[in-house]
Amino acid sequence: MAHRLLVNVIFTGASVFGRAFTEAYKQAAKASAAGAANRPAKAASTGGISVDESLKILDLEKTELSLDKIDEKYNYLFDVNSKEKGNSFYLQSKVYYAMDTLKKELEYLEKLKAEKEAGGAASS
């Protein structure tokens, strides 16, 4: 009798938890889709480095962000941290992913700017 009660409690609890989890997932998916529809997709770096961290790694300011500056800092830091010079592949990877993140951020900002200009020209 006690086993039947215990099994019944486990199945009921699992059923309730499963329904709650499914409903929460549906709500999260709906909110995510609604947010993505209102803005252009922002590409993420494969290294998972934030823009702020990338700026620190490459020693750049957000105001001086340009492809030339990014490439200049990247080439210097990548060369300085090469294994041939006794430094680490890990640091080279951080420099690479920082460069990748900042380039994607620039592309994203240019895309936003182009959409803003296109939207402003259409309403005029």
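Is Tyr74 buried or exposed? I looked it up: Tyr74 has 14% relative accessibility, so it counts as buried. My cut-offs are under 20% relative accessible area for buried, over 50% for exposed and partly exposed in between, with a 1.4 Å probe and protein chains only.

Ground rules, before I go on. This is a predicted model, where local features need pLDDT of at least 70 and side-chain atom pairs count only at pLDDT 80 or more, while totals for chains, interfaces and linings use all residues. Residues are numbered from 1 along each chain as its sequence is written, and side-chain values use heavy atoms, with hydrogens and water left out.

**Rings**

I pair rings of Phe, Tyr and Trp (its six-membered ring) if their centres lie within 6.5 Å; planes under 30 degrees apart are stacked, over 60 edge-to-face, and the rest tilted. That gave me four aromatic pairs. One of them is Phe17 with Phe21, a stacked pair with 6.4 Å from centre to centre and 25° between the planes. Both sit in helix H1 (residues 2-37), four residues apart, which is about one turn of the helix. My helices are DSSP runs (H or I, at least four residues), numbered from the N terminus. Phe17 and Phe21 are both exposed.

Next I checked Tyr74 and Tyr96. Their ring centres are 6.5 Å apart and their planes are at 65°, so this pair is edge-to-face. It links distant parts of the chain, 22 residues apart: Tyr74 is in helix H3 (residues 67-80) and Tyr96 in helix H4 (residues 89-123). Tyr96 is partly exposed, at 36% relative accessible area. I also noted that Tyr74, Phe78, Tyr96 and Tyr97 form one aromatic cluster.

**Core**

A nonpolar core here is a set of buried Ala, Val, Leu, Ile, Met, Phe, Trp, Tyr and Cys residues joined through side-chain atoms within 4.5 Å. The largest has 13 residues, and Leu55, Leu58, Leu60, Leu65, Ile70 and Leu102 touch the most other members. Helix H2 (51-57), H3 and H4 each give two or more residues to this core. H4 supplies the largest share, five residues.

I then listed contacts (heavy atoms within 4.5 Å), leaving aside neighbours within four places in sequence. Leu55 touches Leu60, Glu61, Lys62, Leu65 and Leu102.

My last stop was Leu106 in helix H4. Leu106 is buried, at 11% relative accessible area. Beyond its neighbours within four places, it contacts Leu65, Ser66, Leu67 and Ile70. Leu106 and Leu67 are 39 residues apart in sequence, yet 8.0 Å apart in space, C-alpha to C-alpha.
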